[in-house]
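Hi,

Here is the structure I promised to pass on. My notes follow below it.

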Amino acid sequence: MDDHTLKHLTELNQRLLEMNQFAEALYLNEVRTESYSVDFFGMVKPFADEVTEKTEQWLPLAIKRVQEKEPKDLHENQLTQTVDNFEVVAIKSFYPETSRKKQIETFKAVEYVLKQVQELL
């Protein structure tokens, strides 16, 4: 992987970590309050669209990096599952009826894999 591609993957990975942290903080601190109301076009859709855009760029680069480095505890299927989990997080984080336990587990799963990729960079 050349330096430019590595830098791009590093930036994408960092942005996805930030987005996961943002979604978690929003869900835990705002969404579950009585005064909160869902703004689909103002917040949910733009956030979900950015997650999709970033994960579509991130996945092939992360897979390539995992293939190059061959870590023992990180595999391609985990990367694909992380994208799927992030798509769920990107939408469900904005809705108070989302199961708190499941949502927190999903945030942690996404963060774990992103941090594993970060260590490969």
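The notes below cover salt bridges first, then a surface patch.

This is a predicted model, in which local features need pLDDT of at least 70, side-chain atom pairs count only at pLDDT 80 or more, and totals for chains, interfaces and linings use all residues. Residues are numbered from 1 along each chain as its sequence is written, and side-chain values use heavy atoms, leaving out hydrogens and water.

Salt bridges (a side-chain nitrogen of Lys or Arg within 4 Å of a carboxyl oxygen of Asp or Glu): the whole structure has eight.

E50 pairs with R15, with 2.8 Å between the closest N and O atoms. This pair links distant parts of the chain: E50 is in helix 2 and R15 in helix 1, 35 residues apart. Helices are DSSP runs of H or I, at least four residues, numbered from the N terminus. R15, E18 and E50 form a salt-bridge network. E50 is partly exposed because its relative accessibility is 23% (buried is under 20%, exposed over 50%, partly exposed in between; 1.4 Å probe, protein chains only).

Helix 4 (residues 100–120) holds both E105 and K101, four residues apart. Their salt bridge is 3.0 Å, N to O. K101 is exposed, at 60%. K115 and E111 also form a salt bridge, at 2.9 Å.

V38, F40 and F41 make a nonpolar surface patch, with about 310 Å² of accessible area together. Patch residues have over 30% relative accessible area and no salt bridge; nonpolar side chains are joined within 5 Å, like charges within 9 Å. Areas are Shrake-Rupley, 1.4 Å probe. V38 sits in the loop between helix 1 (3–31) and helix 2 (40–69).

Best wishes

Key: Helix = DSSP H or I, 4+ residues; strand = E, 2+ residues; numbered from the N terminus.
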